[in-house]
Amino acid sequence: MSRKSNLDALFGARPAAKPASPEAPPTPDPEAFAAANPPPPEPEFAAANARAPERSRSGAVRAMSSTLRGLAARADAAAEIEAGSVVVEIEPERIDDSFIADRVADANDPGLAALVESIRESGQQVPILVRPHPSAPDRYQVAYGRRRIQAARHLAQAVRAVVRPLTDAELVVAQGKENLERQDLSYIERAFFALRLEEHGFPRATITAAMGVGKGDLSTLISVARTVPAEIVRAIGPAPAAGRPRWMLLAERVRTAEPRRIADLLADPGFRDKPTNERFAAVLNALAPPAAPRPAPQVWSDEAGRGIARIERSPDRVALSFDERAEPGLADYLLDRLPGILAAYRAGRTRP
């Protein structure tokens, strides 16, 4: 480096620019660029657009926000209730029976008092199932849990329920499934439940699904319910101890019984005071056909006129007894020879 260049560098003098080649682009001057692009007047801009201080929300805004949050929460709760995912409390007076009855009322039901005491002591553990009433606003229709509703009425308290939007078919299927799982419907209650479903126009497929039975058993249930008049069933009650064979027998006896005979029995105050299973037995026995008169016993006598044997006949039996005092040992004598007597008798029957 020359001495002149060293002095220029020492005192801040800029070296002279080299002449640019004709092909190279001109180098921009930084100072000229800065003069052509001045920075924005930040102090003036900031002063003209000062940031407003943060203010707290007014009472009206807070109230509106709270209202909106409450509405949203209630909407969520309503959606959960509509979907049947929550348990709510409903006054029993707002719940109507199912349009298909599945119970036979029993004024002497001993289980209801026990259920009332259980709920009084431990609360209602299992909620009932209801649907919004299809024709009565702000009311409900029960799918299952009618006895729990009765217990809540006795206790003057709300009943815990799941609310679900059910169709008629879904309601009766849920109703039947619950009763099937709990196994607390008597045979005649199931029979009348099946009959009412059929009379309401439900197809057999829906009824078998609700009842949990096959087509053959369903036909028998409906046949029994058609044969035994409803007034007799109401007078007897559910009769849980009477199963299918005895109800079928009662249905046969009802077909041939005199109506007056049945009416007199049902009007007897002593009959109404009996428990339901005893009422069933009373009706079944009262409608039994009269026994055929039994023929008088015969007496077989010997040549001296002494009564040696007594013969008693019934439609399916002949009883022969011997007087041991008149002829001791005769019974044993016949018993020893009975195989030969039987063989001779059979041989005589097969002889042409």
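Modeller: Leu338 is found in helix H17, residues 338–350. Helices (H or I, at least four residues) and strands (E, at least two) are DSSP runs, numbered from the N terminus. The model is predicted, so local features need pLDDT of at least 70 and side-chain atom pairs pLDDT 80 or more, while totals for chains, interfaces and linings use all residues. Residues are numbered from 1 along each chain as its sequence is written, and side-chain values use heavy atoms, with hydrogens and water left out.

Leu338 has 46% relative accessibility and therefore counts as partly exposed; buried means under 20% relative accessible area, exposed over 50%, and partly exposed in between (1.4 Å probe, protein chains only). Together with Leu335 and Ile341, Leu338 forms a nonpolar patch on the surface, with about 290 Å² of accessible area. Such areas come from the Shrake-Rupley method with a 1.4 Å probe; for residues, only the protein chains shown count as cover. A patch takes residues with over 30% relative accessible area and no salt bridge, joining like charges within 9 Å and nonpolar side chains (Val, Leu, Ile, Met, Phe, Trp, Tyr) within 5 Å. A salt bridge is a side-chain nitrogen of Lys or Arg within 4 Å of a carboxyl oxygen of Asp or Glu.

Next, the aromatic side chains. The whole structure holds 2 aromatic pairs; rings of Phe, Tyr and Trp (its six-membered ring) pair if their centres lie within 6.5 Å, with planes under 30 degrees apart counted as stacked, over 60 as edge-to-face and the rest as tilted. Phe99 and Phe202 make a tilted pair, 6.3 Å centre to centre with 35° between the planes. These two are 103 residues apart, Phe99 in the loop between strand E2 and helix H5, Phe202 in the loop between H8 and H9. Phe99 is partly exposed at 26% relative accessibility, whereas Phe202 is buried at 12%.

Trp247 lies in helix H12 and Phe280 in helix H15, so the pair ties together parts 33 residues apart in sequence. Trp247 is buried at 0% relative accessibility, and Phe280 is buried with a relative accessible area of 0%.

Helix H12 is also one of the partners of H10: the buried residues of H10 pack against H8, H9 and H12, where contact means heavy atoms within 4.5 Å. Those buried residues include Leu218, Leu221 and Ile222.
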